[in-house]
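Have the viewer open and follow along.

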Amino acid sequence: MDRRRFLGGAAGVAAFSVVPRHVLAGSGQTPPSEKLNIAGIGVGGQGAGDIANVAGENIVALCDVDRRQAAETFKRHPNARQYADFRVMLEEEAKNIDAVVVATPDHTHAVASMMAVKMGKHVYCEKPLTYSMHEARELTKAAREARVATQMGNQGHSGDGIRLICEWIWDGAIGAVREVHAWTTHAVWPQGMERPKETPPVPDTLDWDLWLGPAPYRPYHPAYAPALWRGWWDFGTGGLGDMGCHNLDPVFWALKLGAPTSVEASCSIFVPTITWDKPFNTESYPQASIVRYEFPEREGMPPVELTWYDGGLMPRRPPELEAGRPLGDKLGGVVFVGDKGRLTCGSYGNSPRLIPESRMRDYKRPAPSLPRSVGHHKEWVEACKGGKPAGSNFDYAGPLTEMILLGNIAVRMSLKTQEKGLRLAYDGPSMRITNLPEANEFLHRQYREGWKL
Amino acid sequence: MNGVNEGKDRLSRRSFMGQTAAVAAFTVVPRYVLGGARNVAPSEKLNIAGIGIGGRGEGDLDECRSENIVALCDVDERHAARVFKKYPDARKWVDFRKMLDEQKDIDAVIIATPDHLHAVAAMAAMKRGKHVYCEKPLTHCIWEARQLTLAAREAKVATQLGNQGQASDDNRLVSEIIWDGAIGPVREVHAWCNRPISTRGVGRPPETPEVPKTLNWDLWLGPAKYRPYHPVYLPFRWRSWWDFGTGVLGDIGCHQLDPVFRALKLGYPLSVEACSSNMDEGPGVKEETAPKSSIVRFEFPQREDMPPLALTWYDGGLMPQRPPELEEGRRFGEADDNLFIGDKGKMLGHRLIPEARMKEYGRPPQRIERSPGHHKEWIDACKGGKPARANFEWAGPLTEVVLLGNVALKMEKQLYEKGLKLRYDGPNMQVTNLPEANKYIRDEYREGWSL
């Protein structure tokens with residue numbers, strides 16, 4: 001309990017200025033021997049799993065706008081105080097909480113994480129880090145300034161697969177990589193549809209206004225909450241935002257990617273009506289898309305083209321892959337095309353192999369150069385207690401998320417302009433699309449009254 | 001049971017013209033042997049019958065207005081009403097089989113039914129020695145395309161597929177530029193089409209509304225499996241429904257890939273792979289309608305002095321990568337277009353890119369005779385002139401390859417899970433590494449229908 005007194009000064013909350021954690025709290029850290037006091041924000045669904053993964057610590061508060069979704073987690077932690085509004089929770093529990101786990105829908109990640117960061121709380125946030133590129137940039141900056149321990153929920157980052165990929169590529173196993181193809185399978189939520197017209201009553205167990213958070217108001221519909229928000233432009237980030245953070249993670253790390261110089265997209269352009277498709281939907285992510293990024297030369301690595309496929313689309317089978325051997329796994333995969341060979345893996349960087357298998361068998365693997373992970377959530381817990389930064393801390397996860405969300409802007413512009421093969425030129429440091437000014441409107445969005453970053 | 005083996009037998013037998021009677025009841029007698037068939041001199045007019053005359057059929061008939069339109073057949077009175085009125089002297093029919101049996105003055109037929117009726121109508125006409133103009137794709141399944149090709153050859157009738165784009169100068173320019181070596185050997189072609197056709201990636205409607213009095217639903221279904229009537233199928237919307245149409249690839253492939261096949265002298269591919277937005281849909285969707293968006297990848301072997309070719313098809317809004325040669329700000333092709341990637345340059349449609357390269361290049365030497373018009377080619381052929389350029393010898397194999405793309409699409413999930421590309425033996429119409437795929441080579445017909 002002693003350590004809490006250091007956090008007393010964190011009442012500066014209201015001012016929302018970011019003060020480095022060590023200033024706020026002196027040494028301010030929870031020693032490894034003590035338990036963290038953790039609050040969950042969005043604790044149904046994936047949040048339930050995240051809370052379970054840190055349940056070795058003290059779960060002191062749980063916040064969810066949907067009591068029914070959260071019921072299971074509420075029950076499992078009877079001593080945790082329950083909240084519906086994370087803003088209220090963070091204010092009331094300011095002195096009791098060391099760290100928060102954010103697993104709301106995408107559109108609420110940034111506002112929740114930012115408030116916590118500004119209060120000097122450590123943050124574990126589900127992927128993608130944020131809904132908009134601007135939010136990712138700001139949140140990354142704020143976390144760095146606040147010196148809090150952060151981790152994004154791309155748990156494949158802690159796997160051995162992604163490390164092997166890095167080590168083999170850095171070892172020159174396939175030579176210089178100039179082309180990469182990555183994909184995920186069909187979304188498990190619907191995409192490519194129009195906004196429902198019915199306005200059913202909001203369930204008693206749901207605070208719809210809080211669920212909407214910073215997003216523009218619209219009437220409640222079960223097509224959004226609790227489970228299907230990922231397909232809607234206003235709330236989710238589509239297949240790319242969801243699975244891209246996992247499947248593009250090994251590409252981003254192994255190839256030391258940062259901001260691309262260009263991005264182009266093409267996608268499924270039709271929305272079904274009863275008998276006739278209507279082109280160019282403005283409400284939801286398309287059913288299938290292809291996004292192509294170009295990255296400049298990096299640290300001795302040549303420029304690389306990265307192509308993303310989703311909604312059932314796939315890259316061509318590499319000729320090296322033996323007949324009868326599936327490409328990737330049930331959730332997608334990656335093909336790295338190098339000057340001297342190809343490497344494939346499944347989703348999350350799992351099961352990397354040089355292909356064909358004879359190549360893999362002949363390959364003399366380098367000694368491991370990357371330390372193995374203690375576990376994704378554990379990395380973060382240890383970082384919160386003064387250990388080394390977690391692997392997918394926001395300095396890593398922010399730029400990864402920016403790249404992914406830029407792809408969605410390309411998808412959006414290809415729908416909006418109805419222009420095929422439109423290539424957006426992008427300047428990473430200034431975060432501007434330089435050849436199509438109107439695309440910049442999607443770098444961020446206006447929050448609803450009462451919400452701010 | 002196994003249609004493919006049967007097809008194989010037929011092919012090998014058919015390659016010896018003398019033995020063709022082996023095709024059960026469907027003996028095709030060469031036109032000149034048939035007593036009743038009339039030779040029409042170029043100065044005379046043909047007697048033409050239309051089968052499926054609403055929609056696209058109207059346009060085809062109009063293109064042949066210089067001839068006598070003597071009969072019109074349609075199962076949908078309302079959809080055909082305007083055309084019936086336009087040709088008041090033509091006899092009206094609902095069932096093309098009856099028309100062909102009873103009206104003896106017909107020299108030639110124009111078929112513009114839904115895809116699933118093309119083959120039965122075209123075959124019925126050819127068996128009676130009639131010339132045939134048939135809308136694209138030539139048939140609904142690969143096996144039918146093969147049978148029509150063989151039958152047309154034997155019957156020696158004049159044929160033409162309705163891929164009218166082949167008659168353009170642009171179509172010829174594609175071949176002439178490539179044969180001139182302007183972009184060097186071509187190893188990669190990307191073709192895309194954003195045509196909406198109708199709602200895809202959906203399941204069958206549950207309602208069973210009453211059949212309109214103006215429609216003979218049973219005849220509209222023809223050889224297809226019975227299902228209750230619904231306006232979601234017609235007019236036109238059948239294109240998305242696998243039992244009737246052939247998706248975007250079937251609808252447009254025979255147009256758009258025609259110049260690719262001609263310029264690059266393509267035959268059967270070695271393999272096909274496909275993926276689409278239907279990949280993870282259940283059978284209620286994927287067995288019913290074509291996907292909203294798809295990619296189909298064909299690999300062709302070396303042909304003459306041309307290297308192996310990878311041909312990729314995209315539809316539903318998907319596009320290949322924008323070529324860096326394309327000028328900044330320039331629209332990347334039309335709603336449907338082809339990109340040819342050669343060792344020494346690229347061509348978008350029938351123009352080298354960038355445009356500066358085209359200007360510098362000028363025009364290739366003309367090697368291919370220009371067309372008097374797509375329908376005119378056929379009319380001339382019917383009157384003893386030379387064969388039309390998209391006659392069934394050409395259109396049959398082209399349709400087979402296009403429809404093979406649909407076989408791969410229907411098998412996309414199995415191919416993905418088994419880690420395969422679909423390997424294809426073209427001459428024998430056989431998928432060699434995934435036997436289940438062969439069920440899509442030949443349609444099963446409903447009782448009472450046969451080829």
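Let's start in chain B, where strand 11 (residues 336–342) and strand 12 (residues 345–348) run antiparallel and are joined by four bridges. Within that pair, B:Ile341 sits opposite B:Lys346 of strand 12 of chain B. Before going on, some housekeeping: this is a predicted model, local features need pLDDT of at least 70, side-chain atom pairs count only at pLDDT 80 or more, and totals for chains, interfaces and linings use all residues. Residues are numbered from 1 along each chain as its sequence is written, while chains are lettered from A and ligands numbered from 1 in the order in which they are written.

A word on terms: helices (H or I, at least four residues) and strands (E, at least two) are DSSP runs numbered from the N terminus, and two strands pair if DSSP finds at least two bridges between them.

Contact here asks for C-beta atoms, placed from the backbone, within 7 Å; angles run from 0 to 180 degrees between N-to-C directions, with axes fitted to C-alpha atoms, for helices over the stretch in contact.

**Strand 4 of chain B**

Now look at strand 4 (residues 108–111) of chain B, which is covered on both faces: B:Ala108 and B:Ile110 are buried on one side, B:Val109 and B:Ile111 on the other. Buried means 20 or more other C-beta atoms within 10 Å of the residue's own; 12 or fewer is exposed, in between is partly exposed, and C-beta atoms are placed from the backbone. In a regular strand, side chains alternate between the two faces of the sheet.

Strand 4 of chain B pairs in the parallel sense with strand 1 (residues 47–51) of chain B over four bridges, and B:Ile51 has B:Ile111 as its bridge partner. Strand 5 (residues 131–134) of chain B also pairs with strand 4 in the parallel sense, over four bridges. There, B:Ile111 stands opposite B:Cys134.

**Two domains in chain B**

Chain B divides into domain 1 (3–166 + 375–393) and domain 2 (169–369 + 402–440), with bounds from an automatic or database domain assignment. Their C-alpha centres lie 25 Å apart. Domain 1 of chain B puts 30 residues into the contact and domain 2 of chain B puts in 31 residues. On the domain 1 side, helix 1 (3–14), helix 3 (77–86), helix 5 (115–127) and helix 6 (142–155) of chain B each supply at least two residues.

**Over to chain A**

Chain A has 14 helices and 17 strands, and 55% of its 453 residues count as buried. Its radius of gyration, taken over C-alpha atoms, is 22 Å, which agrees with the value near 22 Å for a compact globule of 453 residues; the globule rule is 2.2 Å times the number of residues to the power 0.38.

Six strands of chain A form an open, parallel sheet in the order 3-2-1-4-5-6. Strand 3 (81–83) and strand 6 (150–152) of chain A are at the edges with a single partner strand each, so one side of each is left without a neighbour in the sheet. From one strand to the next, the twist averages 20°. Helix 3 (residues 45–53) of chain A packs on this sheet, touching strand 1, strand 2, strand 4 (99–102) and strand 5 (122–125) of chain A, and its direction makes about 145° with that of strand 4 of chain A. Strand 1 (residues 37–41) and strand 2 (residues 58–63) of chain A run parallel, joined by five bridges, with A:Ile38 opposite A:Ile59.

In helix 8 (residues 160–170) of chain A, the buried residues include A:Leu164 and A:Trp168. Just after this helix, A:Gly172 takes a positive phi of about 80°.

**Where the chains meet**

Conventions
Two residues are in contact if their C-beta atoms, placed from the backbone, lie within 7 Å.
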